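Hi,

Here is the structure I promised to pass on.

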Amino acid sequence: MALFYAPQIEEGWELPDDEAAHCLRVLRLGVGDELDITDGKGNFYKAEISSIAGKRCYVKAKEVIRMQKGWKGHLHIAIAPTKNLDRIEWMTEKAVEIGLDELTFLNCRFSERKVIKTERIERIVVSAMKQSLKPYKTVVNEMTDFAKFIKQDFPGDKFIAHCYDSERVLLKDNISAERDATILIGPEGDFSPEEVQMAVEAGFKPVSLGNSRLRTETAGLVACHTFNLINEI
């Protein structure tokens, strides 16, 4: 059964316009048909269509199920978007499917992409959330300058993954179970040495993702998967 996303469902018990169009025009559901809804805040609703008015679709809840995430802790990945937007969109989709709480795009010194449209990323996040039956929607933040981002207070552990020949530890050996984590992933030209130093001074631990040299989007996905393997419920 298809899963529908309605973040404000309890305010009017009406599907959003795009979800209503998919429900009525694509799936051709009608009054009395059952459907599953999530608000992206941990609630699943077993519902049925109560009435249809033109393009508007109203539902009534038959059962509300409070769901838990499939992993412990809050994972926040901050990543410099790739020049080829398709690659970062692919990473976003797969990271949401695996399990990701928050995503921020970084504007770094060597970034080849300085602007990203988060509206499109939001659509990818919602699609991946529904496809993988996630009860929580990943938070997507606007692009932020690297120096501004690292000055924020983040709960739990803080890591910066880079490729320089300096002292680093393996991420997989330093993620603590049930603790929040913020992980920085650099652009295709890596972080600048100055950015790495700034992050270290701000309390970020330098880490390696393994022996292989990874593309930006692959590094983001490896970091996400590593966290989930350790924190999977």
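Predicted model: local features only at pLDDT ≥ 70, side-chain atom pairs only at ≥ 80, totals over all residues.

Let's start with the open spaces. The largest pocket has a volume of about 350 Å³. Its lining is made up of 21 residues, and those closest to the pocket's centre are His-162, Cys-163, Arg-213, Leu-214 and Ala-219. If you want to find this pocket by its secondary structure, look for strand S11 (205-208) and helix H7 (216-231), each of which supplies at least two lining residues.

Next comes the second largest pocket, with a volume of about 190 Å³. The residues lining this one are Tyr-5, Pro-7, Pro-16, Asp-18, Glu-19, Arg-123, Val-126, Ser-127 and Lys-130. Helix H2 (17-26) and helix H4 (118-131) are the elements that give two or more residues to that lining. Of the elements involved, H4 gives the most, with four residues. Sorted by class, the lining of the second largest pocket has four nonpolar residues, one polar and four charged.

Around it you'll find Lys-69, Gly-70, Trp-71, Lys-134, Pro-135 and Tyr-136. Three of the lining residues are nonpolar, one is polar and two are charged.

Now for the backbone. Glu-178 is not a glycine, yet its phi is positive, near 70 degrees. You'll find Glu-178 in the loop between strand S9 (169-170) and strand S10 (181-185). Asp-190 is not a glycine either, and has a positive phi of about 70 degrees. Asp-190 sits in the loop between S10 and helix H6 (193-201).

Is each of these two buried or exposed? Glu-178 has a relative accessibility of 54%, so it counts as exposed, the cut-off being over 50%. Asp-190 has 11%, and because buried means under 20%, Asp-190 counts as buried.

That's everything from my side. Happy browsing!

Cheers

Notes: Residues numbered from 1 in each chain as written. Heavy atoms only, no water. 1 Å grid on protein atoms, 1.4 Å probe; cavity = no way out; pocket = protein on both sides within 12 Å on 5 of 7 lines; lining within 4 Å. Nonpolar A, V, L, I, M, F, W, Y, C, P; charged D, E, K, R; others polar. Buried < 20%, exposed > 50% of the residue type's maximum accessible area, 1.4 Å probe, protein only. Points joined across faces, edges and corners; volume = space filled by probe spheres on them.
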